[in-house]
Amino acid sequence: MPRNPSTGVYSKPAGTTPSVGQVIDPVPWNALTTDLGNEITNSLPRDGSAPMVAPFKAATGTVSAPGLGFASTPQTGLYLKGGGLLGFAQNGVDITFDPSLVYAAKAGNYTALASDDNAVHRFTANATLSLTAAATLAANWHYTVIADGGDVTIDPNGSETIDGAATLFVPNGGWANLFCSGSAFFTNKTAAQAFAIANMKWRSRFIGEVVYSNTALTGAEIPPSTTTDTVWIELTSGLTGVGGFNNGKLRTETVSGSAPLVSAFATIDVGTSPMYNTVVRLLNSEGRIIRPSTSPGTLQDDQIQDHGHGVIGSSGTGGGVAIINGSAGGFSPDNKTAAATVATAGGAPRIGLETRMKNIGVKAYMRIA
């Protein structure tokens with residue numbers, strides 16, 4: 001009988017186990033030689049001269065002893081995980097390709113691990129992506145970063161570098177493919193290109209230029225606060241502490257006075273800036289506007305142009321109304337003063353501490369490097 005298809009065990013036909021002196025019966029012996037010929041034909045030649053004609057069935061195996069391995073490296077190969085999942089073993093270590101681990105969304109800081117090989121992580125907020133040591137991740141480890149909702153700063157381990165730099169900045173809307181050489185990291189430079197494009201609008205501004213943004217509007221953009229490609233300050237006092245927009249950029253900040261005559265200024269403290277040691281006015285805190293002038297830097301407080309009014313009055317004689325005489329003393333009866341009242345055509349007066357035009361508040365920023 002031929003090989004059992006379920007177990008793979010071959011059982012030779014009955015009557016083919018001879019004894020000494022027995023006359024061989026050709027019927028069972030012919031069946032045996034026919035079976036052997038069939039099984040030799042059904043065997044897979046080691047030299048690869050003939051292909052399989054049916055699916056190959058490997059042993060289930062384990063991560064340390066894969067069902068399909070290699071003679072020289074028996075701990076590397078394929079095995080069957082639980083739940084019908086295919087496992088990949090490399091030197092006895094599982095290489096994960098589970099789809100649930102390939103893509104993931106991250107809402108904050110994260111450390112990329114060896115198990116993140118071939119992963120795609122989408123960062124939905126500002127975050128720092130720390131990288132495990134390159135020697136641990138090993139050569140050929142690769143990873144994709146998508147910045148979709150915030151900027152991502154990639155920070156290699158210790159003194160290791162990425163594209164030759166200590167860190168890599170991926171701006172919101174950008175992405176980068178990371179590759180590990182075993183000692184350093186490299187990218188496809190897409191992040192650098194996206195960074196340059198995203199910052200072109202800021203790089204096109206000149207040193208000392210002031211730009212405005214209505215930050216009360218959703219989606220309104222402001223200059224970058226922490227990048228080194230361009231350096232900006234917000235012209236607002238009180239932002240020099242850790243995490244503040246002006247942290248490390250201004251010193252000796254001074255604020256005095258009260259509205260509307262607030263005085264606020266500080267000294268630029270960025271050594272690489274052409275404006276280093278320059279005193280700048282903090283326009284947002286002062287509520288001061290910029291006005292073209294032949295004398296830049298001249299400060300002016302609000303004022304109303306001096307003017308006079310002609311009046312026709314009476315000294316009160318004969319029951320008339322007394323009018324204040326500002327140049328020759330008071331009329332009789334006593335001089336009187338009163339608050340502004342409704343004019344014939346002007347409507348109710350708008351009274352305050354300063355003379356101003358109709359306006360809307362915005363934030364002012366200045367490029368300093």
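Residues are numbered from 1 along each chain as its sequence is written. Because the model is predicted, local features need pLDDT of at least 70 and side-chain atom pairs count only at pLDDT 80 or more, whereas totals for chains, interfaces and linings use all residues; side-chain values use heavy atoms, with hydrogens and water left out.

Helices (H or I, at least four residues) and strands (E, at least two) are DSSP runs, numbered from the N terminus. Two strands pair if DSSP finds at least two bridges between them. Strand β1 (residues 77–80) runs antiparallel to β2 and is joined to β2 by four bridges. In this pairing, L78 stands opposite F88 of β2. The hairpin of β1 and β2 has five residues between the strands, and G83 takes a positive phi near 75 degrees there. On to the next pair: β2 and strand β3 (residues 93–95) are also antiparallel, with three bridges joining them. Q90 has V93 of β3 as its bridge partner. Two residues lie between β2 and β3 in their hairpin, where N91 in the turn has a positive phi of about 55 degrees.

In a regular strand the side chains alternate between the two faces of the sheet.

L78, L86 and F88 are among the members of a nonpolar surface patch, together with L44, M52, F56 and L68. The accessible area of the patch is about 640 Å² in total, as given by the Shrake-Rupley method with a 1.4 Å probe, where for residues only the protein chains shown count as cover. Patches are made of residues with over 30% relative accessible area and no salt bridge; like charges are joined within 9 Å, and nonpolar side chains (Val, Leu, Ile, Met, Phe, Trp, Tyr) within 5 Å. M52 is in the loop between α1 (26–42) and β1, and counts as partly exposed because its relative accessibility is 42%.

T144 belongs to strand β8 (residues 142–147). With a relative accessibility of 17%, T144 counts as buried. Its side chain makes a polar contact with the side chain of N177 at 2.7 Å. A polar contact is a pair of N or O atoms within 3.5 Å; within protein, one must be able to donate a hydrogen and the other to accept it, and residues adjacent in sequence count only if both atoms are side-chain atoms. Apart from neighbours within four places in sequence, T144 is in contact (heavy atoms within 4.5 Å) with A119, V120, H121, A176 and N177.

Ten salt bridges are found in the whole structure, each being a side-chain nitrogen of Lys or Arg within 4 Å of a carboxyl oxygen of Asp or Glu. D163 and K189 form one, at 3.5 Å from N to O. This pair links distant parts of the chain, 26 residues apart: D163 is in the loop between β9 (152–155) and β10 (168–170), and K189 is in the loop between β12 (185–187) and α4 (190–198). D269 forms a salt bridge with R251, with 2.7 Å between the closest N and O atoms. R281, E286 and R288 are linked in a network of salt bridges.

Note on methods:
Buried means under 20% relative accessible area, exposed over 50%, partly exposed in between (1.4 Å probe, protein chains only).
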